[in-house]
There are 2 protein chains.
Amino acid sequence: MIDILLVDDEELVRTGLRAVLEAQGDLRVVGEAADGAAALGLVRSLRPDVVLMDVRMPEVDGLTATRAILRDADAPPRILVLTTFENDDYVYEALRAGADGFLLKRARPAEIVHAVRLAAAGDSLLFPAAIRSLAAGRANRSAAEAVARAGLTDREAEVLRLVARGLSNAEIAAELFLGVQTVKTHVSSVLAKLGARDRTQAVVTAYESGFVAPA
Amino acid sequence: MIDILLVDDEELVRTGLRAVLEAQGDLRVVGEAADGAAALGLVRSLRPDVVLMDVRMPEVDGLTATRAILRDADAPPRILVLTTFENDDYVYEALRAGADGFLLKRARPAEIVHAVRLAAAGDSLLFPAAIRSLAAGRANRSAAEAVARAGLTDREAEVLRLVARGLSNAEIAAELFLGVQTVKTHVSSVLAKLGARDRTQAVVTAYESGFVAPA
DNA sequence: GACCGCCTCCCTCCCGGGAGGGAGGCCGCC
DNA sequence: GGCGGCCTCCCTCCCGGGAGGGAGGCGGTC
C-alpha cells in the first residue's frame, strides 16, 4: 500500500487526484494540505510514501515546501511536483530542490497513477518536454522574482535569456525575427531595468539572480 | 508490437538485451548494430520504434549517432541511451543530443522492458541519480572541459573571474594594478582559449562550466 | 475619445572591446 | 647560455554595442 499526501491550494484539484488515486487498490490518500506550511506538518505526522506537490501556491510555495520537507525528515517521502505546463520553468528549480519527478496536471489518470507508483518504487518520471527543457539548460523561474522586481516585459525577458546565452544583437534579431534596432531597444531597457551597464553585467545579473541557471 | 534496434559494440550486451526484450510478447528486436555508423543505416532500413544506444563505442559514438539519426529521419525513433554508471557525465550531453531517456546497463530486466515501453509511448524514464545529477546544477561537461582544456594561466584565470563579475577592462586594470593594454591581452587569450567570441560568451562559459558559481 | 504600455523600427554619436600585430623583462628548464 | 612560457605594455584598425533621441501601430483602460 502506497500512502499519499496531496498538496494543492485548489480543492478541486485535490478532489480529482484523490478520486483518481483511490480508484486503485494499492494507493491511499492519507491527507491533504492546501499550502506548503500545512504540508510540512502533515508529512511529519502522517509519514506518507509519496507527496503530490503543487508548485504554485499562496504563502509557502511548492518548492520551498519541498526543500523544507527534505531537510526536515530523516526518511523523507518521494515528492512529485505538479505543474500545469510542460515547459514550465519551475521544472528546473523543482528538481534542484530535490523533487523526484514531475507530473502534468492534465496527464491522463493512468499516467498519474503510474508516476506515483514509479516514484514510490524509487524511479522518476519526466515528460519528454520537461526533460528537453532541462537538457537545454532552460531558464529557471526565480526568474519570476527577478522579472517581477525589475518589471521586465515578456519580450525583454526573452531577449535577456538570449543575451545570457552569449548571442549578439544580430543573432538575437535573427532568432526572434526582429530588426536589430528592435533588439537594441529591448536590450537597452533590460540594462536600465537591471541596473546593468552593459550586456556582460546583465548576464552576470541573470545568473546571480537565478534568472538563468547553469546547466 | 514495438520494434527495437540494439546498438552496442559488445556482442554480449546485445545478446543479453535481446533475450530480455524478446521474452516479452510485445517487443521485437529487429536488428543489431555494433557501432553508430551501422546504426544510422539500420534505422533507415528497419524503421524501429525504439533504439537502445550505447554511449561508448569505437568509431562513431552513441551521441554522434543519436544526433545523426534525429537529423536524418523524418519520423525518428525514440532513443534510449545505455550507460554504465548513474553519474555518467554523458547523461547531460545525451539528453542534449536529443535522447529520450536513460537506461542503466545493470538495470533489472523488468526495468529495461519498462523503459522501452515508456519510450515507445512517448514518456521518458530517468533514474533518480541521473536526474539528480542533472538537477544539481551539474557543470556542463563540454563547458567544463572547455575551461579545463583551455589551460588558462593564473593571471588569465584571475582576469576571467573579474570579467565574469561584470568588470570592464579598465576596472580590471585598476583592480589588478595593470595597464588596460595588459588586461586586453589577457582577455584576448582567454577568449581564444575558451573559444568565445566576446566577453559575454566568456561569462556564459564561466558560469556553465562552474568556473564561477552564482551566489 | 484620450491615454498608456508594449512592441516595433529608425536615426546619429561615440566609446569600449576585440583583432592583429610587436616587444621587452623575468623566470625556470634543458 | 639558450629557449620557452608568462606577464607586461605598446600600436593601429574596426565593429558592435550602448546612449539618446523620435515615431508609428496596437491593445488595453478610463
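Me: How many helices and strands does chain A have?
Reply: Chain A has 11 helices and 6 strands. Helices (H or I, at least four residues) and strands (E, at least two) are DSSP runs, numbered from the N terminus. This is a predicted model, where local features need pLDDT of at least 70, side-chain atom pairs count only at pLDDT 80 or more, and totals for chains, interfaces and linings use all residues. Residues are numbered from 1 along each chain as its sequence is written, and chains are lettered from A in the order in which they are written.

Me: What share of chain A is buried?
Reply: Of its 215 residues, 55% are buried. Buried means under 20% relative accessible area, with a 1.4 Å probe and protein chains only.

Me: New topic. At what angle do helix 2 and helix 3 of chain A pack?
Reply: About 25°, with their axes 9 Å apart. Axes are lines fitted to C-alpha atoms over the stretch in contact, and angles run from 0 to 180 degrees between N-to-C directions. Helix 2 and helix 3 of chain A are therefore roughly parallel, a label for angles under 35 degrees.

Me: Which residues make the contact?
Reply: Helix 2 of chain A brings A:Gly36, A:Leu40, A:Val43 and A:Arg44. Helix 3 of chain A brings A:Ala65, A:Ala68, A:Ile69 and A:Asp72. Contact means heavy atoms within 4.5 Å.

Me: And helix 11 of chain B, why is it largely enclosed?
Reply: Because 11 of its 11 residues, 199-209, are buried. Among them are B:Arg199, B:Tyr207 and B:Glu208.

Me: What follows helix 11 of chain B?
Reply: B:Gly210, with a positive phi near 85°.

Technical notes
Side-chain values use heavy atoms; hydrogens and water are left out. Buried means under 20% relative accessible area, exposed over 50%, partly exposed in between (1.4 Å probe, protein chains only). Angles under 35 degrees count as roughly parallel, over 145 as roughly antiparallel, 65 to 115 as roughly perpendicular and the rest as oblique.
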